[in-house]
Amino acid sequence: MSHITHIILDDANLPPPTAEIEQERRVAMFDLLEDNTFTLPKREDRSAPSGPYHLGLSIRDKRLVFDVNTESAEKAAEFHLSLGPFRQVVKDYFQICESYFDAVKKLPPAQIETIDMARRGIHMEGSRVLQERLEGKAEIDIDTARRLFTLICVLHFGG
């Protein structure tokens with residue numbers, strides 16, 4: 001099974017993240033590298049290089065860029081996705097995260113749990129959008145999509 005063994009998040013031109021966003025990023029990257037599924041499908045004219053892969057994620061020219069290389073630094077694929085389909089779900093996710101982080105500081109557990117359920121629902125929706133956008137380009141499971149969506153949100157934070 002192909003998977004990602006290294007990830008580079010190009011956030012050099014972004015404003016410094018908040019402590020909460022930095023923590024989300026660290027957890028997502030750790031979890032992603034521990035367990036993920038990432039397969040490049042065969043193309044009509046050629047088969048895709050097999051993994052494991054190194055993945056670079058960035059935003060360039062208002063597009064989300066996946067730069068995929070083999071472990072031997074051979075270019076495996078590069079695809080550019082429009083940010084449009086992600087904008088609303090990322091906005092909703094940041095708003096609910098802000099509510100969640102505030103709630104953790106001052107609300108009782110039952111109310112925190114309700115906000116957290118909404119947060120997970122929006123996050124899952126973003127993961128499904130990512131899987132749809134990657135259709136035909138890369139095959140990922142839902143857990144990989146969830147972790148990648150978190151990293152996309154980190155990039156969107158400054159974008």
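**Notebook: loops, helices, cysteines and a pocket**

**Entry: a proline in a loop**

I looked up Pro 52 and found it in the loop between strand E2 (38–39) and strand E3 (53–60). I note here that the model is predicted. Then I checked the peptide bond that joins Gly 51 and Pro 52. That bond is cis, with omega of about 10 degrees. I wrote down the background: most peptide bonds are trans, and most residues other than glycine have a negative phi.

**Entry: positive phi angles**

Next I looked for positive phi angles. Asp 61 has one, of about 50 degrees, and Asp 61 is not a glycine. I placed Asp 61 in the loop between E3 and strand E4 (63–70). Is Asp 61 buried or exposed? Its relative accessible area is 76%, so I call Asp 61 exposed.

Lys 62 lies in the loop between E3 and E4 too. Its phi is positive, at about 60 degrees, though Lys 62 is no glycine. I looked up its accessibility and got 67%, so Lys 62 counts as exposed.

**Entry: helix H1**

I turned to helix H1, residues 19–34. How far apart are its end C-alpha atoms? I found 23 Å. At 1.5 Å a residue, the 16 residues of H1 should span 22 Å, so the two values agree.

Which residues of H1 are buried? I listed Ile 21, Arg 25, Ala 28, Met 29 and Leu 32. Looking down the axis of H1, I saw these buried residues fall within an arc of 95 degrees, so they line one face of the helix. On the other side of H1, I found Ala 19, Phe 30 and Glu 34 exposed.

I stopped at Arg 25, which lies in helix H1. Why does Arg 25 count as buried? Its relative accessible area is 17%, and the cut-off for buried is under 20%. I then looked up its contacts, leaving aside neighbours within four places in sequence. Arg 25 is in contact with Leu 9, Asp 11, Leu 151 and Val 154.

I also checked Leu 33, which is found in helix H1. At 36% relative accessibility, Leu 33 counts as partly exposed. With neighbours within four places in sequence left out, Leu 33 is in contact with Ile 4, Thr 5, His 6 and Ile 7. Leu 33 and His 6 are 27 residues apart along the chain, and their C-alpha atoms are separated by 6.9 Å.

Helix H2 (residues 84–106) has 23 residues. I found that H2 reaches 35 Å from its first C-alpha to its last, close to the 33 Å expected at 1.5 Å a residue. I noted the buried residues of H2: Phe 86, Val 89, Val 90, Tyr 93, Ile 96, Cys 97, Tyr 100, Phe 101 and Ala 103.

H3 has 26 residues. Its C-alpha atoms reach 37 Å from first to last, close to the expected 38 Å. Its buried residues include Ile 112, Ile 115, Asp 116, Arg 119 and His 123. Val 129, Leu 130 and Leu 134 are among the buried residues of H3 as well.

**Entry: the cysteines**

I went looking for disulfides. A disulfide is a covalent bond between the sulfur atoms of two cysteines. My rule asks for two cysteine sulfur atoms within 2.5 Å. How many disulfides does this rule give? The count comes to zero.

Cys 97 is in no disulfide, and the nearest cysteine sulfur, that of Cys 153, is 7.3 Å away. I checked it from the other end: for the sulfur of Cys 153, the closest cysteine sulfur is in Cys 97, and 7.3 Å is too far for a bond. Cys 97 has 5% relative accessibility, so it counts as buried. Cys 153 has a relative accessible area of 2%, so it is buried.

**Entry: the largest pocket**

Last, I looked up the largest pocket. Its volume is about 300 Å³. I noted 13 lining residues, and the closest to its centre are Glu 24, Tyr 93, His 123, Arg 146 and Thr 150. Which elements give two or more residues to the lining? They are H1, helix H3 (109–134) and helix H4 (142–158). The largest share of the lining, five residues, comes from H1.

Key:
Residues numbered from 1 in each chain as written. Predicted model: local features only at pLDDT ≥ 70, side-chain atom pairs only at ≥ 80, totals over all residues. Heavy atoms only, no water. Helix = DSSP H or I, 4+ residues; strand = E, 2+ residues; numbered from the N terminus. Expected span 1.5 Å × (residues − 1). Buried < 20%, exposed > 50% of the residue type's maximum accessible area, 1.4 Å probe, protein only. Arc of directions from axis to C-beta. Contact = heavy atoms within 4.5 Å. 1 Å grid on protein atoms, 1.4 Å probe; cavity = no way out; pocket = protein on both sides within 12 Å on 5 of 7 lines; lining within 4 Å. Points joined across faces, edges and corners; volume = space filled by probe spheres on them.
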